[in-house]
Amino acid sequence: KHRGGPIVTDAALTFFVPGRVVNLANARENPFVRYQREQKEKDATLATLRKALGRGWSITNLQSPKVIRFVCHVRRRFDEADNLPICLKAHRDALIGEVIHSDGPNSGHEFLYAQAVGAPYGVTITIRTPMTQEGP
């Protein structure tokens, strides 16, 4: 289980975004509260991603096909078929314009979802893509 700083290999970038993931199927939130929570999730994902990419790595092409895997670390399991992709939508949206051009069905990107029960809570994101290292 990866929960430390970013891990970069030739073909993948893995990073952990701390924070509690809300099961939206059971949540009763005011729409404004939900918007604020989703913005915080997006901001946390972007900050962690930019910190990881700032270590001499860059995404070569937003349109090139990528496999993006989200592992949600939760207290209790969510329904994987419906709830898990919906609960991670803000994290997925944060990647648009940074590492992917779109998250639509015809984008060429593949999104995989999994979950692990236990603390620390948050989301581990792995992006498999053609990456190039800058510098010497």
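The structure is a predicted model, in which local features need pLDDT of at least 70, side-chain atom pairs count only at pLDDT 80 or more, and totals for chains, interfaces and linings use all residues. Residues are numbered from 1 along each chain as its sequence is written, and side-chain values use heavy atoms, with hydrogens and water left out.

Confidence was examined through pLDDT, the predictor's confidence in each residue, from 0 to 100. The protein averages a pLDDT of 80. A score of at least 70 is reached by 79% of the residues. Over residues 131-136 the pLDDT is below 50. Beyond near neighbours in sequence, this stretch has 16 contacts in the model. A contact means heavy atoms within 4.5 Å. Where pLDDT is low, the predicted coordinates should not be read in detail.

The protein holds 3 helices and 7 strands. Helices (H or I, at least four residues) and strands (E, at least two) are DSSP runs, numbered from the N terminus. Along the sequence they follow the pattern β-β-α-β-β-α-α-β-β-β. Among contacts with a separation of 6 or more, 84% come from residues 24 or more positions apart. Of the 136 residues, 42% count as buried. Buried means under 20% relative accessible area, exposed over 50%, and partly exposed in between (1.4 Å probe, protein chains only).

The largest nonpolar core has 22 residues. Such a core is a set of buried Ala, Val, Leu, Ile, Met, Phe, Trp, Tyr and Cys residues joined through side-chain atoms within 4.5 Å. Leu49, Ile68, Phe70, Leu95, Ile125 and Ile127 have the most contacts inside this core. Two or more residues each come from β2 (12-18), α1 (31-53), β4 (67-74), α2 (83-87) and β6 (122-128). Strand β4 gives the most, with 4 residues. In soluble globular proteins, nonpolar side chains tend to be buried together.

Ile125 was then followed in detail. Its neighbours within four places in sequence were left aside. The residues in contact with Ile125 are then Leu13, Thr14, Phe15, Val17, Thr45, Ile68, Arg69, Phe70 and His91.

Strand β2 pairs with β6, and the two run antiparallel. They are joined by 7 bridges; DSSP must find at least two bridges between two strands for them to pair. Thr14 stands opposite Thr126 in β6. Of the 7 residues of β2, 6 are buried, so the strand is largely enclosed by the rest of the structure.

The loop between β5 and β6 contains Pro120. A cis peptide bond joins Ala119 and Pro120, with omega about -5 degrees. Most residues other than glycine have a negative phi, and most peptide bonds are trans.

A search of the whole structure finds 7 salt bridges. Each is a side-chain nitrogen of Lys or Arg within 4 Å of a carboxyl oxygen of Asp or Glu. Side chains of opposite charge can pair when their charged atoms come close.

The closest N and O atoms of Glu38 and Arg34 are 3.0 Å apart. Glu38 is partly exposed, with a relative accessible area of 24%. Arg34 is also partly exposed, at 35%.

Another bridge joins Lys89 and Asp103 (2.7 Å, N to O). This pair links distant parts of the chain, 14 residues apart. Lys89 lies in helix α3 (residues 89-94), and Asp103 lies in the loop between α3 and β5 (110-117). Lys89 is partly exposed, with a relative accessible area of 36%. Asp103 counts as buried, at 17%.

Asp103 also forms a salt bridge with Arg92, with the closest N and O atoms 3.3 Å apart. Arg92 lies in helix α3, 11 residues from Asp103. Arg92 is buried, with a relative accessible area of 15%. Through shared partners, salt bridges join Lys89, Arg92, Asp93 and Asp103 into one network.

The count of disulfides is 0, a disulfide being a pair of cysteine sulfur atoms within 2.5 Å. The cysteine sulfur closest to that of Cys72 is in Cys87, 6.7 Å away, which is too far for a bond. Cys72 is buried, with a relative accessible area of 0%. Cys87 also counts as buried, at 3% relative accessibility.
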